[in-house]
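I opened my notebook to look up a few things in this structure. Here is what I went through, entry by entry.

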Amino acid sequence: MRALIADDEPLLRHHLSKLLSELSTSVEVVASVKDGIEAVDKIIQLKPDVVFLDIRMPGLDGLDVASAINKLDVLPRIVFVTAYDHYAIEAFEKGAIDYLVKPIDESRLQKTCERLESQLEQNLNRDDLIQLLAQTQVKRESPLTWLKAAKGEDIHLIHVDDVEYFKAEDKYVTVVTQDSEYIIRTPLKSLYKSLCSDTFWQIHRSIIVKVASINRVSRDITGRMVVEMTNDNRKLPVSRNANALFKQM
């Protein structure tokens with residue numbers, strides 16, 4: 001099966017491609033694109049058998065892409081991939097064969113590959129889609145949107161989209177934005193559970209970074225992996241356990 005991956009996060013595209021190569025000998029990734037417009041062009045050009053579509057992308061989102069290719073003579077199978085499981089019903093209405101919730105679980109992706117292999121030549125009926133939805137739904141609280149953080153004697157409301165990274169100190173966590181730093185007392189472990197795992201990665205026991213704010217990954221003079229942030233070129237350490245997030249980049 002020839003597969004196309006569409007996701008606006010390059011690290012996530014790489015991670016999914018790597019998992020597919022490890023889990024299935026039947027799936028070959030022929031293209032990896034960063035937005036919905038490019039996805040439509042590549043689908044028309046390459047005619048892949050299956051498309052892994054991120055729902056939230058700039059330009060055209062995944063649901064828009066599914067609608068745009070609906071008139072093709074031969075439709076690819078669609079697997080939607082997203083951090084927000086409340087899109088599932090609409091995803092199946094757009095013709096999805098399956099639906100994966102980020103962070104992608106290897107055993108769950110394995111089942112998707114098996115389903116693709118067994119049903120590539122079949123059309124799913126409504127009962128099949130409802131059963132898939134029941135198997136895929138994940139109970140999940142809405143990701144954290146606003147932070148109440150202190151700076152001096154003042155309390156500030158900070159949107160998580162403005163956060164570059166979090167760093168745990170002795171008894172508090174420093175919240176670093178593009179132009180300032182704030183303090184919260186929520187433990188890093190609890191904080192990570194409330195963040196969108198599609199947007200923030202824990203790269204060290206004391207550091208959580210926004211993936212979109214990473215400029216590059218390199219190694220320091222000791223051979224330790226570090227990430228360099230886009231805004232201030234600050235270098236943050238990556239723990240050995242988190243190295244796998246950046247392998248073969």
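Entry 1: Before anything else I needed a cut-off: a residue is called buried when its relative accessible area is under 20%. I also kept in mind that this is a predicted model. I looked up Cys-113 and found 0% relative accessibility, so Cys-113 counts as buried. Next I checked Cys-196, which comes out at 10% and therefore is buried too. Then I asked myself: how many disulfides does the structure hold? I got 0. I reminded myself that a disulfide is a covalent bond between the sulfur atoms of two cysteines.

**Entry 2: helix H1.** I moved on to H1, which runs over residues 10–23 and has 14 residues. From its first C-alpha to its last, H1 reaches 20 Å, and that is close to the 20 Å expected at 1.5 Å a residue. Which residues of H1 are buried? I wrote down Leu-11, Leu-12, Leu-16, Leu-19 and Leu-20, along with Arg-13 and His-14.

**Entry 3: salt bridges.** I had the salt bridges counted, and the total is 7. I went through some of them one at a time.

I started with Asp-98 and Arg-115, whose side chains meet in a salt bridge at 2.4 Å, N to O. Where do the two partners sit? Asp-98 is in strand S5 (residues 96–101) and Arg-115 is in helix H5 (residues 106–119), so I noted a link between distant parts of the chain, 17 residues apart. Are Asp-98 and Arg-115 buried or exposed? Both of them are buried. I also saw that Asp-98 and Arg-115 belong to a network of salt bridges together with Arg-108.

Next up was Arg-234, which forms a salt bridge with Glu-181, and their closest N and O atoms are 3.7 Å apart. Arg-234 lies in the loop between strand S14 (225–229) and strand S15 (235–237), while Glu-181 is in strand S10 (residues 181–184), so this pair ties together parts 53 residues apart in sequence. I looked up how open each one is: Arg-234 has a relative accessible area of 36%, which makes it partly exposed. Glu-181 is partly exposed as well, at 40%.

My last pair was Asp-220 and Arg-224, with side chains meeting in a salt bridge at 3.2 Å, N to O. Asp-220 has 24% relative accessibility, so I put it down as partly exposed. Arg-224 also counts as partly exposed, at 45%.

Methods
Residues are numbered from 1 along each chain as its sequence is written. This is a predicted model: local features need pLDDT of at least 70, side-chain atom pairs count only at pLDDT 80 or more; totals for chains, interfaces and linings use all residues. Side-chain values use heavy atoms; hydrogens and water are left out. A disulfide is a pair of cysteine sulfur atoms within 2.5 Å. Buried means under 20% relative accessible area, exposed over 50%, partly exposed in between (1.4 Å probe, protein chains only). Helices (H or I, at least four residues) and strands (E, at least two) are DSSP runs, numbered from the N terminus. The expected span of a helix is 1.5 Å times one less than its number of residues. A salt bridge is a side-chain nitrogen of Lys or Arg within 4 Å of a carboxyl oxygen of Asp or Glu.
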